[in-house]
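Biologist: I would like to learn how to read a model like this one. Could we go through it feature by feature?

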Amino acid sequence: MKSLWFVIVAFFWVGFFVLEGFDFGVGMLHSFVARDDLERRVAINTIGPTWDGNEVWLIVAGAATFAAFPLWYSTMFSALYLALLIVLLALMARGVSFEYRGKLDDPRWRTAWKWSMTLGSAVIPLLIGVALGDLLHGLPINRDHVYTGTFWNLLVPYGLWTGVTLVALSLLSGATFLALKTTGDFHDRVTGVARRVSVAAALLVAGFVIWTGLVAGRGFAPNVFAAITVVAALAAAWLAGTVREGWAFGSACVAMGATITTIFAELYSNVMVSSTNSAFNITIGNAAASSYALTLMTVVAGIFVPLVVGYQAWSYHVFRQRLAAPRVARP
């Protein structure tokens, strides 16, 4: 049951990054690929119906960690307190920008909210990526499972590389999603961006896979998820800029999902590695809630997770049409 809930928590994190990854990418790109406010509105409209539903996965991932592994939750959130506070502020800045940018017809007002969305969309995957990398790399945790470091101890090179890799994969997902959802000149411009971003993302993913193997003590041989990550990233790089836009977007999503899965696969059966002493590692054994709580949660998850997945699939089906700039009225 403990292993099952480790897989469920990992599933929620994978779902969050796959679904929010292209939202973050669109948020970062809309400032640079759009030539005027109308094109920026088109870019935002591609994710407008679904972005807030995608963020539910972050809340569920945090709640599942708290309920299933309370020791993991308390140590992780204590260690990452300042970083998660910045993530929360970025989430707020990004979410408010969706609602407020069209409230005033003032260029300065819209420019302020444009950069609010852009920076918020970059900070979130960067810092959460650093945090996920730190779980595997190790943090200073003592025998009482208390974090003894500072904010600067979180910024280890492997964690930063993981964060930058997730930002690059978000840009790739966002660019391929925009190419899939738009038409006309904007579509052609985004297609060129997707081609350029895909090369950088593939290189970062290759470095991430090699570095992850070394951090995990496995050497240069990739596990199955790491191999999928590399293949999917290369496929996305090859398909970006071609007429197979759906396949390019799908490959980018697989690369994102496999990247997160690689971290959790290498982490198991630990949930946090102690850089002080491996005997102080937090594992699924010493961090899990009681068997009764896990059993009850499994029943609840078995009922509601399929409902949430089904609702989101229906939402994407309803809003599946492409958007074109000339057909969008100025707000």
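Modeller: Start with two terms: contact means heavy atoms within 4.5 Å, while helices (H or I, at least four residues) and strands (E, at least two) are DSSP runs numbered from the N terminus. This is a predicted model, in which local features need pLDDT of at least 70 and side-chain atom pairs count only at pLDDT 80 or more, while totals for chains, interfaces and linings use all residues. Residues are numbered from 1 along each chain as its sequence is written, and side-chain values use heavy atoms, with hydrogens and water left out.

Biologist: Take Ile44 as one case. Which residues is Ile44 in contact with?

Modeller: Ile44 sits in helix 2 (residues 37–47). Its relative accessible area is 2%, so Ile44 is buried. Apart from neighbours within four places in sequence, Ile44 is in contact with His30, Phe98, Arg101 and Met117. Ile44 and Ala194 lie 150 residues apart in sequence and 17 Å apart in space, C-alpha to C-alpha.

Biologist: How is the packing of two helices described?

Modeller: By the angle between their axes and the distance between the axes. Axes are lines fitted to C-alpha atoms, for helices over the stretch in contact, and angles run from 0 to 180 degrees between N-to-C directions. Under 35 degrees counts as roughly parallel, over 145 as roughly antiparallel, 65 to 115 as roughly perpendicular and the rest as oblique. Helix 2 and helix 7 pack at about 100°, with axes 10 Å apart. Helix 2 is therefore roughly perpendicular to helix 7. Ala43, Thr46 and Ile47 of helix 2 make this contact with Phe177, Leu178 and Lys181 of helix 7.

Biologist: At what angle do helix 7 and helix 8 pack?

Modeller: Helix 7 (residues 157–181) and helix 8 (residues 184–215) pack at about 150°, and their axes are 7 Å apart. The two helices are therefore roughly antiparallel. This contact has 21 nonpolar, 8 polar and no charged residues. In that count Ala, Val, Leu, Ile, Met, Phe, Trp, Tyr, Cys and Pro are nonpolar, Asp, Glu, Lys and Arg are charged, and the others, Gly among them, are polar.

Biologist: Are helix 6 and helix 10 roughly parallel or roughly antiparallel?

Modeller: Helix 6 (residues 107–137) and helix 10 (residues 245–267) pack at an angle of about 25°, with axes 9 Å apart. That makes helix 6 roughly parallel to helix 10. Leu132, Leu135 and Leu136 in helix 6 meet Ile260, Ile263, Phe264, Glu266 and Leu267 in helix 10. By class, the contact has 7 nonpolar, no polar and 1 charged residues.

Biologist: Which residues touch the most other members of the largest nonpolar core?

Modeller: In soluble globular proteins, nonpolar side chains tend to be buried together. A nonpolar core is a set of buried Ala, Val, Leu, Ile, Met, Phe, Trp, Tyr and Cys residues joined through side-chain atoms within 4.5 Å. Of the 95 residues in the largest one here, Trp5, Trp13, Phe17, Phe69, Trp72 and Ile128 touch the most other members. Helix 1 (residues 2–33) gives the most to this core, with 18 residues.

Biologist: And the backbone?

Modeller: Most residues other than glycine have a negative phi, and most peptide bonds are trans. His145 has a positive phi of about 60° although it is not a glycine, and its place is in the loop between helix 6 and helix 7. The peptide bond from Tyr268 to Ser269 is cis, with omega near 10°. Ser269 is in the loop between helix 10 and strand 1 (270–272).

Conventions:
Buried means under 20% relative accessible area, exposed over 50%, partly exposed in between (1.4 Å probe, protein chains only).
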